[in-house]
Amino acid sequence: MQFQNDLLLRAAKGEKVERTPVWLMRQAGRILPEYRAVRESVSGFIELAQTPELAAEVTIQPVDLLGVDAAIIFSDILVIPEAMGLPYEMVEKRGPWFPNTVSSAADLKNLRVADGANDLSYVIKAIEITKKELNGRVPLIGFAGAPWTIFAYMVEGSGSKTFSKARAMLYREPKLSHQLLQMITDSTINYLKAQIKAGADLVQIFDSWAGILGPEQYDEFSLQYIAQICDAIQEVPKTVFAKGAFFAREAMGKLNCDTIGLDWNMGIAESRKMIGADKTLQGNLDPAALYGNPEQVRKTTQNMMEQFKGSRHIANLGHGVYPDIDPEMVKVFIQSVKDFQ
């Protein structure tokens, strides 16, 4: 496909770009009144994500309304456990909740490796619709959660500050933990390949809970599975974003991926030195910086851009945009990146 704007893909591959591309994690979501209007037309988040036409509509909204250089399919990382046989609910103001969890070898027997195309056909259909409606305006990003992050929810049953149940299993039942992590990894590879076949131009792996593991455990129970996914996906550029895994940056530089996402606590110069020059870095403005006034947002954005200047870069926040941030400040951030010389 010929793109009107392929900045993201060229930047990910380390090719020459006229300017730095910019998009935001969670850009299709609660900051936009237009998104809230669509969500209010259905029973809630899960119905919206499982209705391909509506998921496509909210995926495209930020391209039209914010002027970002990429769309990211509207979905959730927890569709994988559901496809494996562990359904979840989205509880208002509390987040995801699993009525059943994994705590024993017997629980594994109730799970399967998801095939991606059939088990998650609603996401695949949403990608096909979005791809057609974008018509080459910007690339479409597909995504999945990293195996450790998915594991954490499947064992814990909900979000947590400590994920102590999930972390306890790594110590008490390492063999069982590896079995479940491998099932999640195989499911994720199938899922991402189905997304790419449907039209995703780049894929991102989100390790949202990377930072709650220590370095040795992260190596054993997360990074090796991310590496498997990166090695299996050869069709499109790959981005790995591991929030809080500052200790793993050097190892991430060795992953078979194109882009490493930085959270806002990761120093830019230090990260470049640790990761190396042959990866694109993505990020990493503090999302809270967007609570500032226009002048402050411009200044903090320019400061970030100066630090990345002269190296491979995709501009983004250091995590998802917060739901109560003014969309106008998001536009100031995006325009400040576009204006940067």
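Visitor: Where is the place of Ser208?

Guide: Ser208 is placed in the loop between β5 and α11 (215-232). Helices here are DSSP runs of H or I with at least four residues, strands are runs of E with at least two, and both are numbered from the N terminus. This is a predicted model, in which local features need pLDDT of at least 70 and side-chain atom pairs count only at pLDDT 80 or more, while totals for chains, interfaces and linings use all residues. Residues are numbered from 1 along each chain as its sequence is written, and side-chain values use heavy atoms, with hydrogens and water left out.

Visitor: Why does Ser208 count as partly exposed?

Guide: Buried means under 20% relative accessible area, exposed means over 50%, and partly exposed lies in between (1.4 Å probe, protein chains only). Ser208 has 24% relative accessibility, so it counts as partly exposed. Arg30, at 45%, is therefore partly exposed as well.

Visitor: What makes Asp201 buried?

Guide: Its relative accessible area is 13%, so Asp201 is called buried. Asp201 lies in the loop between α10 (174-198) and β5 (202-207).

Visitor: Which side chain does a polar contact join to that of Asp201?

Guide: The side chain of Lys131 is joined to that of Asp201 by a polar contact of 2.6 Å. The term denotes a pair of N or O atoms within 3.5 Å; within protein, one must be able to donate a hydrogen and the other to accept it, and residues adjacent in sequence count only if both atoms are side-chain atoms.

Visitor: Why are α2 and α4 called roughly antiparallel?

Guide: Helices α2 and α4 (residues 52-65) pack at an angle of about 170 degrees, with their axes 10 Å apart. That angle makes α2 roughly antiparallel to α4. Angles over 145 degrees count as roughly antiparallel, under 35 as roughly parallel, 65 to 115 as roughly perpendicular, and the rest as oblique. Axes are lines fitted to C-alpha atoms, for helices over the stretch in contact, and angles run from 0 to 180 degrees between N-to-C directions.

Visitor: Which residues of α2 and α4 meet?

Guide: Glu34, Tyr35 and Val38 in α2 meet Leu54, Glu57, Val58, Gln61 and Leu65 in α4. Contact means heavy atoms within 4.5 Å.

Visitor: Which residues does Ser208 touch?

Guide: Leaving out residues up to four places away in sequence, Ser208 touches Ile77, Thr149 and Lys243.
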